[in-house]
Amino acid sequence: LDETPDMRRDRLKARARELVRRREQEKREFANQMRERQFREDCDAFREFDGQQLLRECMEARDTALEEKAEAKRRQREED
């Protein structure tokens, strides 16, 4: 690869610009996510909805665990 110092400098400048652009984009996305999170935590309706969603997920996980436990007991009885 025959690269002149000018070509190398231009390539490195372009890469630096891309990295700065990408970093700024990530900062903007993070800031937007934090604003959304703050809004959801400050809004009673969203907090209630999120709480109900978490409760449903916990109940589903518990039901699944109970079903698996019952299935394991059934298998154990069949083996004995």
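These are my notebook entries on a predicted model, covering its fold, its surface and its side-chain contacts.

**Ground rules**

I number residues from 1 along each chain as its sequence is written, and side-chain values use heavy atoms, with hydrogens and water left out. Since the model is predicted, I kept the cut-offs in view: local features need pLDDT of at least 70, side-chain atom pairs count only at pLDDT 80 or more, and totals for chains, interfaces and linings use all residues.

**Overall form**

I started with secondary structure and got two helices and zero strands. These are DSSP runs numbered from the N terminus (H or I, at least four residues, for helices; E, at least two, for strands). Next I looked up the radius of gyration, which is 27 Å, whereas the globule rule gives 12 Å for 80 residues, so the protein is more spread out than a compact globule. For the record, that radius is taken over C-alpha atoms, and the rule is 2.2 Å times the number of residues to the power 0.38. Along the principal axes, I have the C-alpha atoms filling a box of roughly 80 × 45 × 5 Å.

**Surface**

How much of the protein is buried? I get 0% of the 80 residues, with buried meaning under 20% relative accessible area, exposed over 50%, and partly exposed in between (1.4 Å probe, protein chains only).

**Charges**

I have 22 positive and 23 negative side chains, and the centres of the two sets lie 7 Å apart. Lys and Arg count as positive, Asp and Glu as negative, while His and the chain ends are not counted. Each charge is placed at NZ of Lys, CZ of Arg, CG of Asp or CD of Glu.

**Salt bridges**

The structure holds 11 of these, each being a side-chain nitrogen of Lys or Arg within 4 Å of a carboxyl oxygen of Asp or Glu. I looked up three.

- In helix 1 (residues 5–42), lysine 27 and glutamate 24 sit three residues apart, about one turn. Their closest N and O atoms are 3.5 Å apart. I find both partners partly exposed, lysine 27 at 49% and glutamate 24 at 35%.
- In helix 2 (residues 44–79), aspartate 44 and arginine 47 are also three residues apart, about one turn, and they bridge at 2.4 Å, N to O. Aspartate 44 is exposed at 52%, whereas arginine 47 is partly exposed at 43%.
- Arginine 74 and glutamate 78 bridge at 2.4 Å, N to O, and lie four residues apart in helix 2, about one turn of the helix. Arginine 74 is partly exposed at 34%, and glutamate 78 is exposed at 56%.

I then checked what else joins that last pair: Glu71, Arg74, Arg75 and Glu78 are linked in a network of salt bridges.

**Aromatic rings**

My count is one aromatic pair. The rule takes rings of Phe, Tyr and Trp (its six-membered ring) with centres within 6.5 Å; planes under 30 degrees apart are stacked, over 60 edge-to-face, and the rest tilted. Why is the pair of phenylalanine 39 and phenylalanine 46 edge-to-face? Their ring centres are 5.5 Å apart and the planes stand at 65 degrees, so edge-to-face it is. As for accessibility, phenylalanine 39 is partly exposed at 47%, and phenylalanine 46 is partly exposed at 30%.
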